[in-house]
Amino acid sequence: MAIQFTASQSVEITVPQQPIPIQHYLRQPQRLVYALVDSSRIQQLAEEIFRLKMRPLSFMSLSIQPTVDMKVWIESNDTIYLRSLGCEILGIEYINQRFDLNLKGYLAPSQFSTGSRLRGRADLEVQVELPPPFCFTPKPILEATGNGLLKSVLLTIKQRLLHQLLADYRRWVISQLQEERLVNNDEITELPILNLE
């Protein structure tokens, strides 16, 4: 039985004022990936492409573990985009061959007199052909369960984004300021000493 599940999630984050604007931080989209997903479940395949191993998900009596290849990039307007390129389901070959995942999202900064704000949205769609035993389950029940599962996945990502992104941004600002201080100190010590006798 072929079936489609969908979910969307929007996010708005007020960014506390820092000495370095959030736009500078966003120019390294890989930091966003590491803020969203535990680093032990990320493999970087290319500059903008990451393989994310998701936690096992339970759908009715099935337990599946998707591995998603994602492209994450930034446009000239400082907006970060992400798009799934492919997906593999570990554990159940029948579903792996009949499973299609499509994830699209963005995160865009906007400047206000009071500070910055990040706005974003993610849309997740899954098309799958379920094994024969599921033919006996009414389609509305399957759809409600599947849509609820996708919504919980996006909600988990949103929660991590709200907590991890700002914490990582703060850490990044501190490290940038420390690096700047070290460079400035090195420049001062390298100035020639003049003997004015």
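**Notebook: one chain, predicted model**

I began with burial: 38% of the 197 residues in the chain are buried (under 20% relative accessible area, with exposed over 50% and partly exposed in between, using a 1.4 Å probe and protein chains only). I note that this is a predicted model, where local features need pLDDT of at least 70, side-chain atom pairs count only at pLDDT 80 or more, and totals for chains, interfaces and linings use all residues. Residues are numbered from 1 along each chain as its sequence is written, and side-chain values use heavy atoms, leaving out hydrogens and water.

Next I looked up the secondary structure. I found four helices and eight strands (DSSP runs numbered from the N terminus, helices being H or I of at least four residues and strands E of at least two). Along the sequence I read the order β-α-α-β-β-β-β-β-α-β-β-α. The radius of gyration is 22 Å, well over the 16 Å that the globule rule gives for 197 residues, so the chain is more spread out than a compact globule (taken over C-alpha atoms, the rule being 2.2 Å times the number of residues to the power 0.38). I put the box filled by the C-alpha atoms at roughly 100 × 35 × 25 Å along the principal axes.

Then I checked contacts (heavy atoms within 4.5 Å). Of those with a separation of 6 or more, 62% join residues 24 or more positions apart.

Last, I picked T79. T79 sits in the loop between β5 (62-74) and β6 (80-90). I count T79 as buried because its relative accessibility is 6%. Leaving aside residues up to four places away in sequence, T79 touches W73, I74, Y106, L107, A108 and P109.
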